[in-house]
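Subject: Structure for you to look at

Hello,

Here is the structure I said I would pass on. Please open it first, then read the notes below alongside it.

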Amino acid sequence: KERFFPTRGSCCSHPTAMADDEERAAELKKKRSFRKFSFRGIDLDQMLDLSTEQLMDILHARARRRFSRGLLLKRPVKQLKKKLLKAKKDCGPHDKPDVVKTHLRDMIIIPEMIGSIVGVHQGKVFTTVEIKADMVGMYLGQFSITYKPVRHGRPGIGATSSSKFVPLK
């Protein structure tokens with residue numbers, strides 16, 4: 001005959017078991033608290049309120065030069081920003097916005113784009129990229145790889161003398 005021994009915490013009628021469950025629930029709540037995102041010491045809310053000049057001060061040198069030469073004034077960039085804003089506006093509060101396709105791989109990600117979904121062209125198809133807060137200052141093209149990574153270790157025909165004996169089928 002087998003005997004069943006309840007494990008600790010499975011019996012809710014015992015007062016110490018209930019106290020343990022409450023303690024575990026409190027610990028889980030503490031663990032679930034998310035860390036506040038900050039980009040170079042600036043919180044996400046503050047980053048969304050920055051002007052272009054203030055944003056330029058916290059970005060890297062290449063991005064600063066690009067902004068100073070009028071990145072946000074160029075027509076394709078304006079159109080992309082407008083489409084992203086429209087897609088964000090049209091979706092519900094807890095829904096994801098529609099994908100906005102673009103060929104602008106050299107577009108620098110700005111705080112206004114956070115939360116959008118962009119289809120970045122990689123030469124053949126569009127790779128879907130969801131823009132997150134950590135991506136600010138990077139290029140869209142960094143998240144859409146243009147080549148298929150090499151797979152080593154699979155000999156082809158004529159690679160070595162022993163590969164002559166590899167059956168074709």
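Contact here means heavy atoms within 4.5 Å.

Before going on, some ground rules: this is a predicted model, in which local features need pLDDT of at least 70 and side-chain atom pairs count only at pLDDT 80 or more, while totals for chains, interfaces and linings use all residues. Residues are numbered from 1 along each chain as its sequence is written, and side-chain values use heavy atoms, with hydrogens and water left out.

**The nonpolar core**

F67 also belongs to the largest nonpolar core, which has 32 residues; F67, M107 and L140 are those with the most contacts inside it. A nonpolar core is a set of buried Ala, Val, Leu, Ile, Met, Phe, Trp, Tyr and Cys residues joined through side-chain atoms within 4.5 Å. Buried means under 20% relative accessible area, exposed means over 50%, and partly exposed is in between (1.4 Å probe, protein chains only). At least two residues of this core come from each of α3 (52-58), α4 (61-68), α5 and β4. The most is given by α5, with 4 residues. The helices (H or I, at least four residues) and strands (E, at least two) are DSSP runs, numbered from the N terminus.

**The sheet**

In which order do the 3 strands of the open sheet lie? The order is β3-β4-β5, and the pairing is mixed. The edge strands, each pairing on one side only, are β3 (99-102) and β5 (126-130). From one strand to the next the twist averages 30°. Two strands pair if DSSP finds at least two bridges between them. As background, strands of a sheet pair through backbone hydrogen bonds, either parallel or antiparallel.

Both senses can be found here. Strand β4 (residues 117-121) pairs with β3 in the parallel sense, over 4 bridges. On that side, V99 has I117 as its bridge partner in β4, and T102 stands opposite V120. On the other pairing, β4 and β5 run antiparallel and are joined by 5 bridges; there G119 stands opposite T128 in β5. The hairpin of β4 and β5 has 4 residues between the strands, and in it G123 takes a positive phi near 110°.

Why is β4 largely enclosed by the rest of the structure? It is because 5 of the 5 residues of β4 are buried. Of these, I117, G119 and H121 point one way from the strand, and V118 and V120 the other way. In a regular strand the side chains alternate between the two faces of the sheet. Helix α5 (residues 75-90) lies across β3 and β4, running at about 170° to β3. That angle is taken between N-to-C directions, from 0 to 180 degrees, with axes fitted to C-alpha atoms, for helices over the stretch in contact.

T102 lies in strand β3 and counts as buried at 6% relative accessibility. Its side chain reaches the backbone nitrogen of L104 at 3.0 Å. Not counting residues up to four places away in sequence, T102 touches L80, V118, G119, V120, H121, F126 and L140.

S116 is found in the loop between β3 and β4. With 1% relative accessibility, S116 is buried as well. Again leaving out residues up to four places away, S116 touches L84, K88, P97, V129, E130 and I131.

**Salt bridges**

How many salt bridges are there? The count is 4, where a salt bridge is a side-chain nitrogen of Lys or Arg within 4 Å of a carboxyl oxygen of Asp or Glu.

One of them joins R66 and D106, with the closest N and O atoms 3.3 Å apart. R66 lies in helix α4 and D106 in the loop between β3 and β4, so the pair ties together parts that are 40 residues apart in sequence. D106 is partly exposed, at 42% relative accessible area.

K81 and E112 form another, also with the closest N and O atoms 3.3 Å apart. K81 is in helix α5 and E112 in the loop between β3 and β4, 31 residues apart. Both count as partly exposed, K81 at 25% relative accessibility and E112 at 49%.

The side chains of D90 and K86 also meet in a salt bridge (3.5 Å, N to O). These two lie in helix α5, 4 residues apart, about one turn of the helix. Both D90 and K86 are exposed.

Regards

Conventions. Polar contact = N/O pair within 3.5 Å; in protein donor to acceptor, adjacent residues only side chain to side chain.
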